[in-house]
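Here's a quick briefing to read with the model open.

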Amino acid sequence: MKRFLLGLILSGCATAAPTSWKTEPSPSLDDRFFPARSAWRGGDAVYSVPLSNERILWLFGDSFIAKPGVTVREGSKMVRNSLAIETVGGPLDFFWRTEKDQPADALKCPVDGHFLWPLSGLRAGPRLHLFLLEMQNKGEGAFGFATVRNLLASVENPDDSADRWKIDYSPIPASTATMDFGAASVVTGDHAYVYGNRHRLPRHAETIVARAPKESIGDFTLWRFWNGRDWVKEVGEAGRIFDAQATEMSVSYLASTRAFVAVTSGGFLSPNLLVSEAPRPEGPWSAPVTVFTCPEVGWKKDYFCYAGKAHPELDPTGHSLVISYACNSFSFADAVQDLRIYRPRFVVARLE
């Protein structure tokens, strides 16, 4: 339920945005994540990380894990995160841990009683780097949880099966109670670019960006922050690159336009998927273009869509944007009973 807060409103126009996109649903991609195909019964977030030319890592937030032999979500256990590894041309291999004969989070929080929600990730050399939010349950607020800290998880052996991963967790020093990093990340040239959200007011934040040598992402002394003119050491000098209301999005390079593209859901509970472009990872960024309006919000009054982001590895030619989003309901019973929602949905956007 937390992800309904995720959306993005981009502003500030310095480059020309594409005039027209043709976007169509992709039932074949939807079908690959159909919940009744395995004990994995659905999840949100839906970040992807290429591990190699042949393998893709999928990261999910809160996920339903069903009992053996059950084809619906009733009786499922919800874990706080799950993952899947896809081999190109093969099936999805879903993963979560097991504790005391019960499903457990795929990524175990290093602090007992807390849990992890995944953000973006990237492969740099031999290591896999995942950005995470460490969360705790709290009895106050609308949703009963709170962010504890922002973590970087570095996987030493990502080419092994997920149950054998050796993971080091490090707090990100630049993060604060009102600022976190990893909403999106992208590697280009010798650097990794990590996008963060600086929360100013409820439902309003500014997106900023950090840069680090791609082989030394875990060395936080090498992180630099874009201040609008240059890369500087102090995160307090980081400048806004666009306005945001999101903790999730994607930034990737689209070869057909020779531009970086930011993809996100648009605004608070908006059903729109937005695309903005920039010549460089730090910008300047164009005004957003709505490329698709999610139809699920019309299925039932309590339904809402969120978590829009692109998966460039699904079209290596760079001629289209494969975009995922999630649909949820304010009624938990709907999420349990309706297998059409709380699962990845995909559309393909092409420039006209």
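Two strands pair if DSSP finds at least two bridges between them. Helices (H or I, at least four residues) and strands (E, at least two) are DSSP runs, numbered from the N terminus. By that count, strand 9 and strand 10 (residues 127-137) pair in the antiparallel sense over 8 bridges.

This is a predicted model, where local features need pLDDT of at least 70 and side-chain atom pairs count only at pLDDT 80 or more, while totals for chains, interfaces and linings use all residues. Residues are numbered from 1 along each chain as its sequence is written, and side-chain values use heavy atoms, with hydrogens and water left out.

**Sheet 9-10-11-12**

- Four strands make an open, antiparallel sheet, in the order 9-10-11-12.
- Strand 9 (115-124) and strand 12 (167-171) sit at the edges, each pairing on one side only.
- Neighbouring strands here are turned by 25° against each other on average, direction ignored; axes are lines fitted to C-alpha atoms (for helices over the stretch in contact), and angles run from 0 to 180 degrees between N-to-C directions.

**Sheet 1-25-24-23**

- Another open sheet has 4 strands in the order 1-25-24-23, again with antiparallel pairing.
- Its edge strands are strand 1 (21-25) and strand 23, and each pairs on one side only.
- Strand 24 (residues 320-329) and strand 25 (residues 345-351) run antiparallel and are joined by 6 bridges.
- Valine 322 has valine 348 in strand 25 as its bridge partner.

**The strand 2 and strand 3 hairpin**

- Strand 2 and strand 3 form a hairpin, with 4 residues between them.
- The two run antiparallel, joined by 7 bridges.
- Alanine 45 faces phenylalanine 60 of strand 3 as its opposite number.
- Strand 2 is mostly covered, with 10 of its 11 residues buried; buried means under 20% relative accessible area, exposed over 50%, and partly exposed in between (1.4 Å probe, protein chains only).
- As a general point, side chains in a regular strand alternate between the two faces of the sheet.

**Nonpolar cores**

- A nonpolar core is a set of buried Ala, Val, Leu, Ile, Met, Phe, Trp, Tyr and Cys residues joined through side-chain atoms within 4.5 Å.
- The largest one has 45 residues, and those with the most contacts inside it are Leu57, Leu83, Phe131, Phe181 and Trp223.
- Apart from it lies another core of 28 residues, among them Leu254, Leu273, Tyr325 and Ala335.
- Phenylalanine 181 lies in strand 13, and it counts as buried because its relative accessibility is 0%.
- The C-alpha atoms of phenylalanine 181 and tyrosine 195 are 5.8 Å apart, although the two residues are separated by 14 residues along the chain.

**Second largest pocket**

- A pocket is an open set of points on a 1 Å grid over the protein atoms alone, with protein on both sides within 12 Å along at least five of seven lines, whereas in a cavity a 1.4 Å probe fits but cannot get out; lining residues have an atom within 4 Å of a point.
- The second largest pocket holds about 740 Å³ of space, with grid points joined across faces, edges and corners and the volume taken as the space filled by probe spheres set on the points.
- Of its 36 lining residues, Ser48, Val49, Pro50, Pro312 and Glu313 are the closest to the centre.
- Elements giving two or more residues to the lining include helix 1 (27-32), strand 2 (40-50), strand 3 (55-65) and strand 19 (250-254).
- Strand 13 supplies the largest share of the lining, 5 residues.
- By class, the lining has 18 nonpolar, 11 polar and 7 charged residues; Ala, Val, Leu, Ile, Met, Phe, Trp, Tyr, Cys and Pro count as nonpolar, Asp, Glu, Lys and Arg as charged, and the others, Gly among them, as polar.

- The peptide bond from glycine 283 to proline 284 is cis, with omega near 5°.
- Proline 284 is in the loop between strand 21 (272-278) and strand 22 (289-293).
- Arginine 258, not a glycine, has a positive phi near 55°, and it lies in the loop between strand 19 and strand 20 (259-265).
- Arginine 258 counts as exposed because its relative accessibility is 69%.
- Alanine 307 also has a positive phi, about 65°, but its place is in strand 23.
- Alanine 307 counts as buried because its relative accessibility is 2%.
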